[in-house]
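This report looks at a single protein chain and at how some of its side chains are placed. Please have the sequence and the structure in view while reading.

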Amino acid sequence: MLEFKGLSGEVMFYKKALDKLGVEVQVTRHGKFKGAVEPFILDKLSDENKEQIKDYVGSIWNNVISEISESRVSLQAG
């Protein structure tokens, strides 16, 4: 038996460390779904980036479950 609990994502933030080092990050962003720079300019995820990460991790998880389900059906049929 194998039990899956799900997937998760984790983001490491660097803003406070960069501030202590005196490093100023300059970024030009357009639009609200620009999460790649957030670890350098924020100390937590924006709501938009939380939604984006939830969506792509959920999509990956749904694909994993679908593939496992299909393989189990084919094993039972064969």
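Lys15 and Asp19 are four residues apart in helix 1, so about one helical turn separates them. The two residues form a salt bridge, and their closest N and O atoms are 2.8 Å apart. Side chains of opposite charge can pair when their charged atoms come close.

How accessible are the two partners? Lys15 is partly exposed, at 27% relative accessibility. Asp19 is also partly exposed, at 44%.

## The model and its confidence

The structure is a predicted model. Its average pLDDT is 88, and 97% of the residues score at least 70. Among the elements of the protein, helix 1 has the highest mean pLDDT (97), while helix 3 has the lowest (88).

## The other salt bridge

How many salt bridges does a search of the whole structure find? The search finds two. Glu3 and Lys5 are both exposed.

## One aromatic pair

The count of aromatic pairs comes to one. The ring centres of Tyr14 and Phe40 are 5.3 Å apart and the ring planes are at 25 degrees, so this pair is stacked. The cut-off behind that word is an angle under 30 degrees between the planes. Tyr14 lies in the segment before helix 1 (15-21), and Phe40 lies in helix 2 (residues 38-41), so the pair ties together parts that are 26 residues apart in sequence.

Tyr14 is partly exposed, with a relative accessible area of 34%. Phe40 is partly exposed too, at 37% relative accessibility. Not counting residues up to four places away in sequence, Tyr14 touches Pro39 as well as Phe40. The C-alpha atoms of Tyr14 and Ile41 are separated by 7.8 Å, although these residues are 27 apart along the chain.

## Leu18 in helix 1

Is Leu18 buried or exposed? Leu18, a residue of helix 1, is buried, with a relative accessible area of 17%. The cut-off for this label is under 20%. With residues up to four places away in sequence set aside, Leu18 touches Val23, Val25 and Phe40. Phe40 is thus a contact of Leu18 as well as the ring partner of Tyr14.

The C-alpha atoms of Leu18 and Ser46 are separated by 19 Å, and the two residues are 28 apart along the chain.

Glu38 is part of helix 2. Its relative accessibility is 1%, so Glu38 counts as buried. Which residues does Glu38 contact, leaving aside its neighbours within four places in sequence? The contacts of Glu38 are Phe13, Arg29, Leu45, Ser46 and Asn49.

Ser46, one of these contacts, lies in the loop between helix 2 and helix 3. At 14% relative accessibility, Ser46 is buried. A polar atom of the Ser46 side chain lies 3.1 Å from the backbone nitrogen of Asn49. Asn49 is itself one of the buried residues of helix 3.

## Helix 3

Helix 3 covers residues 47-77, which makes 31 residues. From its first C-alpha to its last, helix 3 reaches 45 Å, close to the 45 Å expected at 1.5 Å a residue.

Which residues of helix 3 are buried? They are Asn49, Ile53, Val57 and Trp61. These buried residues pack against helix 2.

## Leu7 and its contacts

Leu7 is located in the segment before helix 1. Leu7 is partly exposed, at 43% relative accessibility. Apart from neighbours within four places in sequence, Leu7 is in contact with Val57, Ile60 and Trp61.

How far apart are the C-alpha atoms of Leu7 and Val25? They are separated by 31 Å, and the two residues are 18 apart along the chain.

Note on methods
Residues numbered from 1 in each chain as written. Predicted model: local features only at pLDDT ≥ 70, side-chain atom pairs only at ≥ 80, totals over all residues. Heavy atoms only, no water. Phe/Tyr/Trp six-rings, centres within 6.5 Å; stacked < 30°, edge-to-face > 60°. Helix = DSSP H or I, 4+ residues; strand = E, 2+ residues; numbered from the N terminus. Buried < 20%, exposed > 50% of the residue type's maximum accessible area, 1.4 Å probe, protein only. Expected span 1.5 Å × (residues − 1). Contact = heavy atoms within 4.5 Å. pLDDT = per-residue confidence, 0-100. Salt bridge = Lys/Arg side-chain N within 4 Å of Asp/Glu carboxyl O. Polar contact = N/O pair within 3.5 Å; in protein donor to acceptor, adjacent residues only side chain to side chain.
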